[in-house]
Amino acid sequence: MTMPRRALAFLLALAVSTPLFAQTAQPKPVVAKTPVAPIGSLAPVPTTPAPVSSHAPFEAADCKICHENADPKQPGPVVKRGPALCLDCHEEFVGVMKRPHTHDPARSACTNCHNPHNANAPKLLLKEAGAVCTSCHDKIAKVSSEAKVKHKALTTGAKCGNCHNPHGSAVAKLLVQQPMDLCLKCHNVDTMADANGKKLQNIKAWLGNNKVRHGPVRSKDCSGCHQPHGSDQYRLLEESYPAEFYAPYDARTYALCFSCHNDDAFSTPQTTTLTEFRNGATNLHYVHLQQSGRGRTCRACHEVHASNQQRHVREGVPYGSGGWTLKLNYKENKNGGSCEKTCHAEKSYVNK
Ligand code: HEC
Ligand code: HEC
Ligand code: HEC
Ligand code: HEC
Ligand code: HEC
Ligand code: HEC
Ligand code: HEC
Ligand code: HEC
Ligand code: HEC
């Protein structure tokens, strides 16, 4: 059976491609990059044990719905190639496949992911959701399985489908929602914890209560700092940022912040131009960050997502495991600012 089918497929391909050769002046059609599933891989799966899903028109046992012949032993070739066969019945997908962003394999053949007859996974998928995606996206597969910090969003519920539409979307990268809304649809609870059981901030509530947003959050770009699929850095960050409250200073430790902010402002002891966090010419960023062994990290003083104070200075820092907050009591004044009895006795600085 293989030989005649292969020959047929070849003839068909030739028949389809000949007119294209004849019209070389025409603009090239958009050719999908994904190869169609190999011949033989789309046959019906055995019916014992019962498949997880089965296609209504296949259940009808009239192979002629899609093939040239009704006879299950010799159904012959399909009557149409590519998505056209499926779109005849799945009219709702005609619209889906006209969205501004469509998925390459869905443009070339729906059978890149679905068995047209039945399958050992739900929704006629060739493999479980997630596995069907990583079978082509090997780089994402590697990141998500080998990253030191993994993101549970990829392994729960619809897996990749939590964030991507496998067919088409109005949003770039096939995202099911605008990027920030996507993150906040899950990061809107007080009960979420990381892999070590440490409670994670309810980001949606925080953004609701803190109106001054950090630049990239204002432009709704959570991926400007976080890797959605997994990362070797703390908190899925794009670049390094210390996980601890104290860290010895090294510009590389703060690669995340310094990918957008100038690190000279932190490594120059005396300046009247690089930072406003200075007392006269004494750079107070330098003073706090560069203390040997006990250098304060940015989180000692700044909120990274949003705040209610100028320059994202935070109101307090979490202290100990009891959920207690140590107030910074930061105040700006007309000449600079001050901090009150928290880390040290009240101190003020003058930068005007
Ligand atoms: C909903 C449409 C549909 C129905 C109904 C259908 N098929 Fe198919 N079948 C396909 C498609 C699409 C392919 C893949 C054709 C290709 O890629 O060349 C296929 C391929 C096959 C193959 C070859 C597998 C391969 O990859 O070479 C077999 C065998 C087959 N079908 C058997 C059947 C039988 C038996 C029936 C009736 C009981 C049936 N099909 C009904 C759509 C259908
Ligand atoms: C003759 C009409 C017809 C054709 C052609 C057809 N389908 Fe379907 N398909 C159906 C019907 C009917 C259902 C069941 C719908 C329901 O249950 O709501 C269905 C359901 C499905 C489902 C959901 C299965 C599930 O378990 O929920 C998928 C996926 C699917 N089809 C894919 C395809 C693909 C891929 C093709 C092309 C190879 C195709 N269909 C061609 C009629 C068709
Ligand atoms: C890249 C893989 C992939 C390709 C290619 C693909 N699908 Fe799907 N499809 C999925 C996944 C994953 C799901 C299950 C997620 C969901 O329910 O949306 C799904 C679900 C479906 C469903 C069931 C929807 C429901 O609400 O139950 C239908 C029908 C369907 N696909 C039709 C198609 C058609 C038609 C094409 C070709 C135009 C196609 N698919 C191409 C991955 C794919
Ligand atoms: C048969 C191979 C194949 C499968 C299976 C597959 N993809 Fe893709 N995917 C591709 C190709 C090819 C591209 C286009 C890549 C390019 O243009 O460089 C792509 C692109 C993408 C993109 C980027 C789209 C863009 O606009 O930049 C996303 C997101 C994506 N796939 C997600 C998924 C998800 C989620 C699944 C599982 C439901 C999946 N893919 C399954 C082959 C596949
Ligand atoms: C938590 C949401 C989320 C989940 C779950 C998720 N992605 Fe993504 N994915 C994104 C976002 C956001 C982007 C766009 C990133 C950007 O623009 O920097 C993206 C981009 C992509 C791209 C395009 C890559 C590129 O560099 O342009 C591919 C391919 C992709 N994802 C595949 C997958 C696959 C496969 C899975 C499942 C294993 C998956 N994604 C799960 C959010 C997610
Ligand atoms: C489908 C739900 C879901 C979506 C969508 C989602 N997340 Fe998550 N995220 C989780 C869960 C659950 C955890 C906690 C478990 C874990 O992964 O450690 C988490 C954890 C995190 C963590 C902490 C990881 C750690 O262990 O240190 C960060 C950072 C994060 N998510 C950022 C994002 C960003 C950015 C987006 C949008 C691109 C996003 N999330 C979208 C469910 C989601
Ligand atoms: C400017 C870079 C940046 C942007 C943009 C950003 N984050 Fe973060 N995010 C961080 C840093 C840094 C941390 C670690 C904070 C810490 O532990 O002090 C973090 C931590 C987190 C955490 C873990 C919170 C916890 O309790 O430890 C989540 C969840 C998270 N971010 C989600 C998001 C979401 C959702 C967005 C988009 C609204 C976003 N982030 C935008 C830098 C960023
Ligand atoms: C993706 C780029 C990006 C990254 C990464 C980034 N920032 Fe920012 N940051 C900005 C932008 C843009 C502004 C907004 C400047 C404005 O409001 O005019 C800003 C403003 C600030 C401000 C307030 C300055 C002001 O003038 O109000 C502070 C404080 C700050 N960032 C701290 C940090 C810290 C700490 C990190 C690392 C955890 C960091 N940033 C990482 C882009 C970034
Ligand atoms: C000891 C507290 C403290 C630490 C630690 C700290 N900052 Fe600041 N930072 C401030 C204060 C206070 C201001 C506001 C100065 C003013 O405008 O009066 C500020 C201002 C800023 C600004 C606005 C521009 C400027 O320099 O005036 C940026 C950007 C910034 N900090 C980034 C960072 C980054 C990145 C880190 C970590 C590498 C960090 N800060 C660590 C207290 C701190």
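Modeller: Leucine 124 sits in the loop between strand E3 (118-119) and H6. Keep in mind that this is a predicted model.

Biologist: Why is leucine 124 called buried?

Modeller: Count the C-beta atoms around leucine 124. There are 21 others within 10 Å. The cut-off for buried is 20 or more. The count of 21 meets the cut-off, so leucine 124 is buried.

Biologist: Which other residue has phi near 60°?

Modeller: Lysine 220 has a positive phi near 60°, and lysine 220 is not glycine either. Lysine 220 lies in the loop between H10 and helix H11 (255-258).

Biologist: Is lysine 220 buried, exposed or partly exposed, and how do you know?

Modeller: Lysine 220 has 15 other C-beta atoms within 10 Å. Buried needs 20 or more, and exposed needs 12 or fewer. The count of 15 falls in between, so lysine 220 is partly exposed.

Biologist: What makes histidine 305 partly exposed?

Modeller: Histidine 305 has 16 other C-beta atoms within 10 Å.

Biologist: Where does histidine 305 lie, and which residues does it touch?

Modeller: Histidine 305 is in the loop between helix H13 (284-289) and strand E8 (306-307). Leaving out residues up to four places away in sequence, histidine 305 touches Ile203, Trp206, Leu207, His214 and Val217. Take isoleucine 203: its C-alpha atom is 8.3 Å from that of histidine 305, though the two are 102 residues apart along the chain.

Biologist: What surrounds ligand 4?

Modeller: Ligand 4 has 19 residues around it, and the closest are Cys133, Cys136, Cys160, His164 and Pro166. Helix H5 (104-108) and helix H6 (131-134) each give two or more residues to this shell. Domain 1 (31-134) and domain 2 (148-231) each supply at least three. By class, the shell holds nine nonpolar, seven polar and three charged residues.

Biologist: And which residues come nearest to ligand 7?

Modeller: Cys183, Gln201, Pro216, Cys222 and Cys225 come nearest, out of 21 residues around ligand 7. Helix H8 (179-184) and helix H10 (215-218) each give two or more. H8 gives the largest share, three residues. The shell has 12 nonpolar, six polar and three charged residues.

Biologist: What makes the bond from threonine 48 to proline 49 stand out?

Modeller: That peptide bond is cis, with omega near -10°. Proline 49 is in the loop between helix H1 (2-22) and strand E1 (53-54).

Biologist: How many helices and strands does the protein have, and what share of its residues is buried?

Modeller: The protein has 13 helices and 13 strands. Buried residues make up 15% of its 352 residues.

Conventions:
Residues are numbered from 1 along each chain as its sequence is written. Chains are lettered from A and ligands numbered from 1 in the order in which they are written. This is a predicted model: local features need pLDDT of at least 70, side-chain atom pairs count only at pLDDT 80 or more; totals for chains, interfaces and linings use all residues. A residue is near a molecule or strand if its C-beta atom, placed from the backbone, lies within 6 Å of it. Helices (H or I, at least four residues) and strands (E, at least two) are DSSP runs, numbered from the N terminus. Ala, Val, Leu, Ile, Met, Phe, Trp, Tyr, Cys and Pro count as nonpolar, Asp, Glu, Lys and Arg as charged, and the others, Gly among them, as polar. Two residues are in contact if their C-beta atoms, placed from the backbone, lie within 7 Å. Domain bounds come from an automatic or database domain assignment.
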